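Take a look at the sequence and the fold below. Then follow the text from a single residue out to the whole chain.

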Amino acid sequence: MKAEQPAEGISKKAEYEDAVWYEVDCECGSPDHYHSIWIERDTKTKLVTVEITTEVTTDFWTQTVPEWIEKIDSPFINWTWQTMAYAFNETIRRARLIGRVLFKGYAKYESTVMMTKQQAYNYSKAIEKAAKELDP
Ligand SMILES: [Zn+2]
C-alpha cells in the first residue's frame with residue numbers, strides 16, 4: 001500500500017518553516033470527530049514533537065428517554081418527540097458531566113476517529129514524512 005498524494009481523509013492545513021499542521025477526518029462524516037496534528041520542531045532544542053488534539057462532546061449515545069419510538073406514525077409527532085427527547089437527554093448528559101467535574105474533579109470521555117486502511121496509512125506516512133523533513 002502506498003501513501004497517496006493528495007491523501008484520502010487527511011489534509012494539510014498549513015506549513016511553516018518549523019511546523020506542519022494536518023487534519024484527519026472521521027469516516028462517519030461528522031465534523032465533530034477529527035484529529036488535528038501538529039508536527040513541530042523546537043527552534044532552541046531542535047527536538048521534533050507530534051501533538052494530536054481532538055474535540056470531545058457529551059456521551060451523545062446515552063439516552064435517559066428513548067429518542068426514537070417506532071410506534072409513532074405521524075412524522076410531526078415523531079419529530080416533536082425526537083426534538084424534545086434529545087433536548088431532555090442532552091440536558092441530563094451535560095448535568096452529569098458538570099456533576100462529575102464538580103464532585104469527582106475529572107471528566108471521563110472518549111473520542112473516536114474512524115479511518116479506512118488507506119487513510120490510516122496516509123496518516124502514519126504524513127507524520128513520518130513531516131517528522132523526517134523537520135529533523136535537522
Ligand atoms: Zn466519527
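**Starting from one tyrosine**

Tyr 121 counts as partly exposed because it has 18 C-beta neighbours inside 10 Å. The cut-offs are these: a residue is buried if 20 or more other C-beta atoms lie within 10 Å of its own, exposed if 12 or fewer, and partly exposed in between, with C-beta atoms placed from the backbone. This is a predicted model, in which local features need pLDDT of at least 70, side-chain atom pairs count only at pLDDT 80 or more, and totals for chains, interfaces and linings use all residues. Residues are numbered from 1 along each chain as its sequence is written.

Tyr 121 sits in helix α2, residues 117-134. Helices (H or I, at least four residues) and strands (E, at least two) are DSSP runs, numbered from the N terminus. Leaving out residues up to four places away in sequence, Tyr 121 touches Met 1 and Ala 3. Contact here means C-beta atoms, placed from the backbone, within 7 Å. Met 1 is 120 residues from Tyr 121 along the chain, yet their C-alpha atoms are separated by 7.8 Å.

Now the wider plan. The protein chain has 2 helices and 4 strands. Their order along the sequence is β-β-β-β-α-α. An automatic or database domain assignment divides the chain into domain 1 (10-55 + 113-134) and domain 2 (57-110). The C-alpha centres of the two domains lie 32 Å apart.

Where is the largest nonpolar core? Its 9 residues are Ile 10, Val 20, Tyr 22, Val 24, Ile 37, Ile 39, Tyr 123, Ala 126 and Ala 130. Beyond four places in sequence, Ile 37 touches Tyr 22, Val 24, Val 50, Ile 52 and Ile 127.

Helix α1 covers residues 75-104. Its 30 residues reach 42 Å from first C-alpha to last, close to the 44 Å expected at 1.5 Å a residue. That expected span is 1.5 Å times one less than the number of residues. The number of buried residues in α1 is 1, so the helix lies largely in the open. Gly 105 follows α1, with a positive phi near 85 degrees.

Finally, the overall shape. The C-alpha atoms fill a box of roughly 65 × 40 × 20 Å along the principal axes. Of the 136 residues, 10% count as buried.

Conventions. Two residues are in contact if their C-beta atoms, placed from the backbone, lie within 7 Å. A nonpolar core is a set of buried Ala, Val, Leu, Ile, Met, Phe, Trp, Tyr and Cys residues joined through C-beta atoms within 7 Å.
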